[in-house]
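Subject: Handing over the structure

Hello,

Here is the structure I promised to pass on to you.

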Number of protein chains: 2
Amino acid sequence: MESYAYYNPVKLIYGPGKLDQVAEEILPYGKKILFVYGQSHLKQSGVYQQVIDQFNKAGIQWFELEGVHPNPRIELVRKGIEICRNENIEFVLGIGGGSVSDTVKAIAAGAKSNFDIWDAFEDFHHKMHGGLPRAYPHIITDALPFGVVMTKPGTGSDFDYTSVTSNSETKEKLMVINKILYPKFSIHDPTQVYSLGKRELACGTADIMTHIFEQYFTLTTDTDILDRYKEAELKTVIESGLRVQANPEDTAAQTYLLYIAAWACSDQSMVGAAGGWAAHMIEHEISAAVDLNHGMGMVIVYLAWMKYVMEVIPEKFAQYGERVWGLTRNGHSARSVGAAAIEKTASYWASLGLPLTLKDAGVDLSILPRAAKQAVRFGPLFSLLELKEDDVAKILEMAS
Amino acid sequence: MESYAYYNPVKLIYGPGKLDQVAEEILPYGKKILFVYGQSHLKQSGVYQQVIDQFNKAGIQWFELEGVHPNPRIELVRKGIEICRNENIEFVLGIGGGSVSDTVKAIAAGAKSNFDIWDAFEDFHHKMHGGLPRAYPHIITDALPFGVVMTKPGTGSDFDYTSVTSNSETKEKLMVINKILYPKFSIHDPTQVYSLGKRELACGTADIMTHIFEQYFTLTTDTDILDRYKEAELKTVIESGLRVQANPEDTAAQTYLLYIAAWACSDQSMVGAAGGWAAHMIEHEISAAVDLNHGMGMVIVYLAWMKYVMEVIPEKFAQYGERVWGLTRNGHSARSVGAAAIEKTASYWASLGLPLTLKDAGVDLSILPRAAKQAVRFGPLFSLLELKEDDVAKILEMAS
């Protein structure tokens with residue numbers, strides 16, 4: 001295992017009906033809040049009214065920012081920051097999925113930064129690759145307190161300190177990772193997930209799996225306990241993903257998805273082994289260009305990435321096949337069991353109704369050359385192998 | 001799964017050599033500290049000098065409290081509290097195992113309480129059982145900041161908010177659970193565990209397993225992911241326990257033990273399912289009376305407890321046997337596979353050189369009637385079954 005410093009101060013609240021605890025959790029931080037959410041779904045499902053009733057009862061004054069988009073936009077973030085500054089907002093609440101959580105993080109940090117928050121995203125990527133184009137990087141050092149109610153399993157953004165945001169002007173999708181970006185609380189109320197569409201649930205299921213994979217397929221050795229935790233998560237996500245397709249009101253299965261989404265993307269899952277996340281970086285270029293659902297994009301890119309890099313650690317891919325899919329060696333090589341495990345993964349995702357190629361997902365393939373170039377513009381990616389523009393182009397070709 | 005509110009703000013620092021980070025982690029909290037440790041081991045191993053050198057270099061002024069006993073005493077805690085008050089101590093550091101960590105917690109809280117800290121232990125037990133003998137319970141509401149370096153895997157006290165302390169005057173061993181009792185940091189440096197004796201490592205290995213069991217054998221249903229995490233932990237602890245017996249300098253195995261000890265006793269393991277902990281309560285009465293090593297006591301009491309309650313959830317015991325020990329059903333009943341799993345557990349503990357009965361552990365059996373009475377003095381225990389004095393007496397007889 002690699003040395004690490006683990007830290008996660010998020011209060012994670014779980015339970016059917018726990019949505020009714022939102023106002024109580026906000027009050028220690030203030031009574032003037034910005035309430036951020038996505039599309040019309042929140043109003044149709046009754047969540048909006050339930051939360052407003054709580055605000056009124058608790059004497060919380062709220063301002064609203066609606067319309068968070070699945071690949072959340074920096075333009076909306078800037079609007080939220082302006083409200084926070086003009087109205088002296090004390091707390092930011094987000095209700096929705098990962099996009100809402102990512103938006104809330106960027107708003108909370110932006111409200112306390114004396115620069116345009118997009119610069120922090122850019123500089124984070126430059127810094128990660130060792131080259132800063134500016135004398136003074138834009139680093140987040142403070143944020144308004146904020147909390148999240150997760151109504152969609154997948155992201156884990158409610159329990160981590162990463163924000164991923166898109167810039168529709170520059171067609172970029174960038175992230176920033178900073179421990180200032182931990183929510184004060186995250187509420188998991190499985191009854192709020194019932195009304196998600198099956199496609200959304202399928203994308204969320206796949207998204208969780210790829211988060212686990214990004215840390216599982218590692219060059220770090222002596223990871224027995226980390227591997228077993230992740231195999232436990234994978235088996236449970238795979239079962240639960242099928243269960244919620246059959247019955248979206250399967251509380252236990254929805255609970256597992258919410259739970260594992262949070263843990264699998266949290267510091268607990270990130271420490272101890274070097275993760276890769278190159279496939280995520282590549283997918284970000286696709287969804288920045290054509291606004292594809294992230295989970296769906298991950299399925300496609302990840303399958304191609306797995307095939308491209310499997311040769312580096314065939315034993316680990318075979319272990320995945322044996323422990324998660326119940327494959328047996330029976331004298332076969334690690335390569336052959338690993339390849340079968342990738343096939344199992346592909347069939348599983350197909351069984352959830354997800355497309356396995358960019359073409360099937362309706363992506364205009366003419367964007368690929370620019371995507372490959374953009375993916376490495378801060379420097380080569382590294383997941384098991386160093387990936388330069390040429391490698392990314394090959395992976396995208398395999399994903400076509 | 002049960003509803004929950006998870007929260008754990010401890011910074012967990014892992015790595016060979018990370019002991020050298022102690023002063024740096026203390027400095028944000030102050031420069032005047034109380035340094036708490038156990039027996040002479042720390043001075044022999046060189047840890048003492050290494051830490052003192054760090055203090056001197058960082059300008060940290062330290063007071064010392066040595067001699068923490070394996071079942072830590074409230075008398076020493078009171079001495080530590082006095083030093084904290086007289087010297088205006090700003091931070092308490094503990095280096096050692098669970099007893100040191102438990103002592104540090106009690107000192108840190110006692111220094112900020114205007115009552116004798118033992119009253120908080122007593123009132124916690126009364127409150128847990130619904131009956132308070134006083135109009136105003138003694139509840140911990142503040143503590144000095146404190147941190148821990150773990151040099152012995154087992155307890156998990158460095159990553160949780162429980163303190164267990166003994167009173168040699170009243171022959172009582174009580175606990176207090178309060179989120180104020182979270183350390184600011186815990187350092188896991190596996191190289192500091194090498195010099196532990198094999199007996200200590202065996203007791204620690206067994207202790208970790210019983211912590212996992214106490215939450216695994218539950219009446220709560222729909223715990224798929226919790227079960228699988230715990231089975232992952234059990235398999236890895238079982239392997240690692242044997243590995244460190246063969247080679248105490250097996251860094252990976254020591255790392256797994258430290259890691260799992262922390263997580264298996266943390267809020268992550270405690271939430272989502274109702275745990276029992278009756279066997280722990282019973283063991284506390286034995287070790288309060290005769291000062292037995294806690295891990296050793298747990299082996300003996302837990303085996304008896306498992307046999308006494310297995311009938312309540314035979315399917316879960318069979319699941320444990322199948323998933324952790326690789327037993328197969330082959331047409332056998334859950335009861336029979338469950339019983340075989342208990343036998344496997346007993347053989348494993350015996351293979352670590354641990355005694356399986358109170359007699360073999362050298363415990364004077366005449367203490368048992370009082371132990372059974374004391375175990376339920378705050379009210380009946382509950383782990384799968386309600387356990388009254390009579391039940392505890394039977395379990396202790398089975399353990400004899």
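Let me begin with a term that you will need: two strands count as paired if DSSP finds at least two bridges between them. Helices (H or I, at least four residues) and strands (E, at least two) are themselves DSSP runs, numbered from the N terminus.

You are looking at a predicted model, in which local features need pLDDT of at least 70 and side-chain atom pairs count only at pLDDT 80 or more, while totals for chains, interfaces and linings use all residues. Residues are numbered from 1 along each chain as its sequence is written, and chains are lettered from A, with ligands numbered from 1, in the order in which they are written.

A hairpin in each chain

In chain B, β7(B) and β8(B) run antiparallel and are joined by 6 bridges. Within this pair, Ser163(B) sits opposite Val176(B) of β8(B). The two strands make a hairpin with 4 residues between them. Lys171(B) belongs to the loop between β7 (162–167) and β8 (172–177) of chain B, and it has a positive phi of about 55° without being a glycine. Lys171(B) is partly exposed, with 16 other C-beta atoms within 10 Å. For that wording, a residue is buried if 20 or more other C-beta atoms lie within 10 Å of its own, exposed if 12 or fewer, and partly exposed in between, with C-beta atoms placed from the backbone.

Ser163(A) has Val176(A) in β8(A) as its bridge partner. Here 4 residues lie between the strands, and Lys171(A) in the turn has a positive phi of about 55°.

Another residue with a positive phi that is not a glycine is Asn330(B), at about 45°. Asn330(B) is found in the loop between α13 (314–325) and α14 (334–351) of chain B. Is Asn330(B) buried or exposed? Asn330(B) is exposed, having 7 other C-beta atoms within 10 Å.

Chain A as a whole

Chain A holds 16 helices and 11 strands. Its C-alpha trace spans about 70 × 50 × 45 Å along the principal axes. The radius of gyration of chain A is 21 Å, which agrees with the value near 21 Å for a compact globule of 400 residues. This radius is taken over C-alpha atoms, and the globule rule is 2.2 Å times the number of residues to the power 0.38. Of the 400 residues in chain A, 55% count as buried.

Two residues are in contact if their C-beta atoms, placed from the backbone, lie within 7 Å. Taking the contacts in chain A between residues at least 6 apart in sequence, 78% join residues at least 24 apart.

Chain A is divided into domain 1 (11–192) and domain 2 (198–399), with bounds from an automatic or database domain assignment. Their C-alpha centres lie 26 Å apart. Across the boundary, 25 residues of domain 1 of chain A are in contact with 27 residues of domain 2 of chain A. On the domain 1 side, α6 (117–128), β8 (172–177) and β9 (185–188) of chain A each supply at least two residues. Which element gives the most to this side? That is α6(A), with 3 residues.

Helix α6(A) has 12 residues and reaches 17 Å from its first C-alpha to its last, close to the 16 Å expected; the expected span is 1.5 Å times one less than the number of residues. The buried residues of α6(A) include Trp118(A), Phe121(A) and Phe124(A). Among the elements that cover them are α4 (74–87), α5 (98–110), β7 (162–167) and β8 of chain A. After α6(A) comes Gly130(A), with a positive phi near 85°.

Where the chains meet

The contact between the chains takes 27 residues from chain B and 27 residues from chain A. On the chain B side, β1 (4–6), β2 (11–14), α8 (224–246) and α9 (251–264) give two or more residues each. The largest share, 7 residues, comes from α8(B). Strand β1 (residues 4–6) of chain A is joined to β2(B) by 3 bridges, and the two run antiparallel. In this pairing, Tyr4(A) stands opposite Tyr14(B).
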